[in-house]
Amino acid sequence: MSRQPRPTGLIGESRVFQDMLAAIGKIAGYDAPVLISGETGSGKELAARAIHYQGKRSDKPFIPVNCGALPDHLIENELFGHCKGAYTDARDNQTGLIAQAEGGTLFLDEVDALSPKAQVSLLRFLEDGKYRPLGGNRLEFADVRILAACNVDLQDLVNQEHFRADLHYRLNVMELAIPPLRARGDDVILLARHFIAEAACRYNMPRL
């Protein structure tokens with residue numbers, strides 16, 4: 001029995017949008033890291049989910065994380081987890097996000113918000129897929145595809161020495177640009193109708 005693709009939530013009929021969908025289809029067929037760029041609210045996470053669910057890892061976890069919401073001192077703990085006794089409040093082992101995404105995809109939104117220390121930690125993992133949980137005494141391996149997103153030009157940050165050039169190189173194996181809504185013509189009408197219908201259903205109101 002053939003597997004039916006999951007709905008992506010991506011809505012649009014404009015040429016620029018259809019070109020993006022075609023690019024997603026091609027990118028999904030490979031297994032390399034992808035850097036997704038686009039303005040805030042343009043649908044970067046939806047695009048990342050589409051890449052995941054159209055790829056060979058679709059039956060494995062898709063784990064999203066907003067890098068901008070993680071304090072610097074918790075980055076390694078969140079990504080790699082910790083062993084019991086790693087620090088004062090570590091009463092039990094904790095699985096990190098990378099281990100939770102085993103076999104699937106880890107989506108790093110706002111990757112530009114990572115501190116220099118966090119960038120080094122991520123770079124080390126990207127180099128060979130190995131990491132050490134905090135307080136652990138051995139290296140672990142994870143088979144995870146990394147998708148990263150940002151709403152700024154990472155190359156500009158590299159030029160300003162605010163983002164590591166080697167990490168940018170590792171993340172930008174393939175690139176996907178999400179077009180802004182203002183470039184998508186009548187797609188705004190389709191989206192408005194969709195959100196109105198969705199709200200009407202949620203609040204049990206008649207559709208306009």
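Four aromatic pairs turn up in this structure, which is a predicted model.

**Aromatic rings**
- A ring pair is described by how far apart the centres are and by the angle of the planes.
- Y53 and F62 make a tilted pair, with 6.4 Å centre to centre and 35° between the planes.
- F62 also pairs with F107: here the centres are 6.1 Å apart and the planes sit at 20°, so this pair counts as stacked, given that the cut-off for stacking is under 30 degrees.
- F62 belongs to strand 2 and F107 to strand 5, so their pair ties together parts 45 residues apart in sequence.
- Both F62 and F107 are buried; for F62, the relative accessible area comes out at 9%.

**The largest nonpolar core**
- This core counts 32 residues, and I98, L106, L108 and V111 have the most contacts inside it.
- Elements that give it two or more residues include strand 2 (62–66), strand 5 (105–109), strand 8 (145–150) and helix 7 (165–171).
- Helix 5 supplies the largest share, at 5 residues.
- What does L108 touch, once its neighbours within four places in sequence are left aside? Its contacts are V65, C67, L79, L122, I146, L147, A148 and A149.

**A second core**
- There's also a separate core of 20 residues, with A32, A47, I51 and I178 among them.

Note on methods
Residues numbered from 1 in each chain as written. Predicted model: local features only at pLDDT ≥ 70, side-chain atom pairs only at ≥ 80, totals over all residues. Heavy atoms only, no water. Core = buried A, V, L, I, M, F, W, Y, C linked by side-chain atoms within 4.5 Å. Buried < 20%, exposed > 50% of the residue type's maximum accessible area, 1.4 Å probe, protein only. Helix = DSSP H or I, 4+ residues; strand = E, 2+ residues; numbered from the N terminus. Contact = heavy atoms within 4.5 Å. Phe/Tyr/Trp six-rings, centres within 6.5 Å; stacked < 30°, edge-to-face > 60°.
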